[in-house]
Amino acid sequence: MNNEKESSPPHGRRYCLRCEAALRENFPECHRCHLQYDPHKRETYLAEKDFHRVEFWLPGWCFSILVGFITYAIVFLCFSKQGMGWALFFAVPTSFGAILGYKTGAIKLWWSLGLGFLAIICIVSAIMVSKISGMFCGLTLGLIFLLPVLLGITLGGILRTIMLDRIAQKFSFIPILVFIIFPIGNGYVENKIFTLSPPNTVQTSFVIDQPPLKVWKKIRFYEAIKGQPPLLLKLGLPQPQGTEGSADAVGSLTKCLYNKGHYIVKRINHLEEGRLLSFDVIEQHIHFEHDVTLLDGSFFLQPTAAGTTRIILTTRYQSRLRPTWLWKPMEEASITTLHRYVLENMKKDM
């Protein structure tokens, strides 16, 4: 009686215990991983796929996270001195997404996408904890990674079906090796051919209901303003602590201080009292040197017919991020937010 309960009729759909591939009739082993089975012994095969088995998806998911973090760190540390581009923002997420799709391609697509989203959270968190990226850049990375990871999961799943159906299981590591090498090779090539785009200029105009000479006395650098900055600046910049030095003569230096030892040094290059204050940024140590290099800036005061003052705050910077069309709007939004925060605080101080 026990043997009858354990046995199974030689008909019906069966799946491999190891890789969950559909088993072929009249064939004593899985065509993918070559695990042998007996159609008359229920314990040697699955009657239906168990998509949510932890032991089925967990190793591939963990491995994809490890590869994603390590390849991002390698490309960032070794190949991003000139700037950061496609290797970090496309090749890395596509690579670990492809590994995830390849290692877990037998599960349902929606389940793979969920694992991909969790992998992004883990990798971005590791990048921020390791101080490779700050909070703002980390959150932005998470959004940028979504589409490449989706593409990678799809490609990895397709490749899994093609490879495991046509080649021996012992060669299944080859695609994994290619996925790992892809972002590193991309970073190496990109580092050789990377050229900086022309400097960008952001200007913000603001009208203050006071004459130019009175407005002139209230000019402050961002770091000298008391109070809490907007959320975007909190996420994107270290916390300002104050300034050292002066800005009352051409050639004078102002050291703008941030928390954790970060700072910027500005040198006055042009000064016309009541009209123009311009400066060069000669030192920058605020943790986003790989992203943006600040070049110079100015405060220009223009009297109006109504007796008010139009103040134009200008920042010129060199972006080190590619593709330009993706990053430029975010860079301009951040700088414009900083400008408006400075100008509004000047107005409040009147």
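The structure is a predicted model, in which local features require pLDDT of at least 70 and side-chain atom pairs count only at pLDDT 80 or more, while totals for chains, interfaces and linings use all residues. Residues are numbered from 1 along each chain as its sequence is written, and side-chain values use heavy atoms, with hydrogens and water left out.

The largest nonpolar core contains 32 residues; a nonpolar core is a set of buried Ala, Val, Leu, Ile, Met, Phe, Trp, Tyr and Cys residues joined through side-chain atoms within 4.5 Å. Buried denotes under 20% relative accessible area, exposed over 50%, and partly exposed the range in between (1.4 Å probe, protein chains only). Within this core, Phe299, Ile311 and Met346 touch the most other members. At least two core residues each are supplied by several elements, including strand E1 (200–208), strand E6 (292–303), strand E7 (309–319) and helix H9 (324–348). Helices and strands are DSSP runs numbered from the N terminus (helices: H or I, at least four residues; strands: E, at least two). The largest share of the core, 5 residues, belongs to H9. Beyond its neighbours within four places in sequence, Ile311 is in contact (heavy atoms within 4.5 Å) with residues including Phe206, Val215, Phe299, Leu343 and Met346. Another core, of 28 residues, lies apart from the largest one and has Ile65, Ala73, Val124 and Val149 among its members.

Strand pairing, for which DSSP must find at least two bridges between two strands, links E4 and E5 in the antiparallel sense over 9 bridges. Ile268 stands opposite Phe279 in E5. The hairpin of E4 and E5 has 3 residues between the strands, and Gly274 there adopts a positive phi near 80°. E5 also pairs with E6, again in the antiparallel sense, over 5 bridges. Here Leu277 is placed opposite Phe299 in E6, and Phe299 is one of the residues that touch the most other members of the largest core. In the hairpin of E5 and E6, with 6 residues between the strands, His287 has a positive phi near 75°.

The whole structure contains 5 salt bridges, each defined by a side-chain nitrogen of Lys or Arg within 4 Å of a carboxyl oxygen of Asp or Glu. One of them joins Asp349 and Lys218 (3.9 Å, N to O). Because Asp349 lies in the segment after H9 and Lys218 in the loop between H7 and helix H8 (231–236), this pair ties together parts that are 131 residues apart in sequence. Asp349 is partly exposed at 38% relative accessibility, as is Lys218 at 24%. A salt bridge also connects Glu223 and Lys266 (3.6 Å, N to O), and both residues are buried. Glu272 and Arg275 form a further salt bridge, with their closest N and O atoms 3.2 Å apart.

On the surface, Trp86, Phe90, Leu151, Leu155, Phe182 and Trp325 form a nonpolar patch with about 620 Å² of accessible area together. Patches comprise residues with over 30% relative accessible area and no salt bridge, like charges being joined within 9 Å and nonpolar side chains (Val, Leu, Ile, Met, Phe, Trp, Tyr) within 5 Å; accessible areas come from the Shrake-Rupley method with a 1.4 Å probe, and for residues only the protein chains shown count as cover. Helix H3 (86–103) and helix H5 (135–166) each supply at least two patch residues. Leu151 lies in H5 and is partly exposed, at 37% relative accessibility.
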